[in-house]
Protein chains: 2
Amino acid sequence: MIQVQPENERVATNMIGFRPLYRQVRDTLVRRIADGVWRPGQLLPSEPELATDLGVSQGTVRKALDEMTAENLVTRRQGRGTFVAKHDDARMLFQFFKLVPDRGEREVPESKVLRVSTEIEPAAAKQLHISVAEPIVVIERLRLLAGTVHVAERICVQAALFPGLETHEAPNNLYDLYSRSFGVTVCRASERLKAVAATANEAEHLGASPGDPLLEVDRVAFSLDGRRVEWRVSRCRTDSVHYASDVR
Amino acid sequence: MIQVQPENERVATNMIGFRPLYRQVRDTLVRRIADGVWRPGQLLPSEPELATDLGVSQGTVRKALDEMTAENLVTRRQGRGTFVAKHDDARMLFQFFKLVPDRGEREVPESKVLRVSTEIEPAAAKQLHISVAEPIVVIERLRLLAGTVHVAERICVQAALFPGLETHEAPNNLYDLYSRSFGVTVCRASERLKAVAATANEAEHLGASPGDPLLEVDRVAFSLDGRRVEWRVSRCRTDSVHYASDVR
DNA sequence: CAGTGGTCTAGACCACATG
DNA sequence: ATGTGGTCTAGACCACTGT
């Protein structure tokens, strides 16, 4: 019996900051996932179990889980159960990798790391809302589609959040590594897109000419608990690929 | 009594193409909105009314309306009722206008129409999935933020869908005009973004130099009933603004 | 005050997956 | 056969809105 309550005493109605029960349940479950009680890919307890554990009705648990499904935090399968979402499959990679060939199928990009270092980087610290004195791990890498370099990017994270990150073999899907090895699960990102001119250095890496137009994607990624955990600036050739965005 | 049924005879279970009741209700309500039974901004019948009208429980109506809320098709206000979403307020404009100043508040763009014509335009017909012989209305215009031209765009729609569109004073928010005057409500769009080099003509309009990097936004807009109703290509200066995208 | 949507509960039946 | 999530129902109480 792990009651969600109190917080909602029927007495003190009209209180500001009131959250409905199903949202408290959601937050409780998210917290447990963030804390590693259930790891990505793992099966959650069934709805009736959670309901009795938390002291609420099954319908309330269902509403909480439905919200989490909409947020891509869990996957539900009829007859199987509810699973913590994984980042390692193609679908989850594509959730954040929005570069698509103009013609032909979507494909998984390759990665080629150029440089990894730990530095004081005030600009990154500012983006991540942490002290400018905090050490930052900086990763520079290229990404390839169909064997051709399309992206040059620079990734900045707080070193203290990812101890030993520099020594890891940087995998294709960084967010999977963050989640598996450091318990930091990226669930959403805010991106700013611009068209910029390629520098000489970028042009060389990307097989373009200086001054060629590149798509710059400036992304801040947020973890389950709402912290800013990564700042990434990608510069992309878009002559044969495009950035796909669905607006609703 | 306007039954939703049959379609779901309990007898023929396991039928492919099965849709749950609440989705049939949703589709029925969407159809009525698309058909103009309820106009944008208008109040819908209450949940109990809809439930008895459609011969389902209130909970099922609620689930349908919740989906429509998530799709920005209706707005619900406790104590007031459920309203058909409007496109004319700033929030709805911003749903599709994603260009934001790098510093400072979001603002509503001005529009300056350069040219309106009706032509045979095979490329547009292909994008809209209609016959290449269908006449197309082409609108070319500039959009300004803080008095400065930031966007040059070319908009193509099927002339038959918008009779007399050329004679209209083109307003700031085209989608509001589509909805009010032609009963075509845009509810979502698919966009492809690229970085391109400005042509001499674009450079002149945008106050830039030929070859300067521009952000190209290639958008197909869909109406409530799922038809492709507009193809629009925008070319944007992004030196002091950016395209904002939230990924989840 | 009456009527609306928002929340919460309890229980039924279904389709799907696994043993 | 059992247990899971998916759907559907019925009814309760609440908070908000207008009269």
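## The contact between chains A and B

In this predicted model, chain A and chain B each bring 30 residues to their contact. Interface size is often expressed as the accessible area lost when the parts come together. Here, the area buried between chain A and chain B comes to about 2,500 Å², and carbon and sulfur atoms account for 49% of that area.

Four salt bridges are counted between chain A and chain B. One of them pairs D102(B) with R192(A), with the closest N and O atoms 3.8 Å apart.

## What chain A contributes

On the side of chain A that touches chain B, two or more residues come from each of helix 4 (90-96), strand 7 (186-197), strand 8 (213-223) and strand 10 (241-247) of chain A. Strand 7 of chain A gives the largest share, with 11 residues. Sorted by class, this side of chain A holds 14 nonpolar, seven polar and nine charged residues.

## The largest nonpolar core

In soluble globular proteins, nonpolar side chains tend to be buried together. The largest nonpolar core in this model has 64 residues, and Y178(A) and Y178(B) touch the most other members. Leaving aside residues up to four places away in sequence, Y178(B) touches I155(B), V157(B), F162(B), G183(B), V184(B), V186(B) and E230(B).

How values were computed: Residues are numbered from 1 along each chain as its sequence is written. Chains are lettered from A and ligands numbered from 1 in the order in which they are written. This is a predicted model: local features need pLDDT of at least 70, side-chain atom pairs count only at pLDDT 80 or more; totals for chains, interfaces and linings use all residues. Side-chain values use heavy atoms; hydrogens and water are left out. A nonpolar core is a set of buried Ala, Val, Leu, Ile, Met, Phe, Trp, Tyr and Cys residues joined through side-chain atoms within 4.5 Å. Buried means under 20% relative accessible area, exposed over 50%, partly exposed in between (1.4 Å probe, protein chains only). Contact means heavy atoms within 4.5 Å. Buried area is the accessible area (1.4 Å probe) that two parts lose on being put together, summed over both. A salt bridge is a side-chain nitrogen of Lys or Arg within 4 Å of a carboxyl oxygen of Asp or Glu. Helices (H or I, at least four residues) and strands (E, at least two) are DSSP runs, numbered from the N terminus. Ala, Val, Leu, Ile, Met, Phe, Trp, Tyr, Cys and Pro count as nonpolar, Asp, Glu, Lys and Arg as charged, and the others, Gly among them, as polar.
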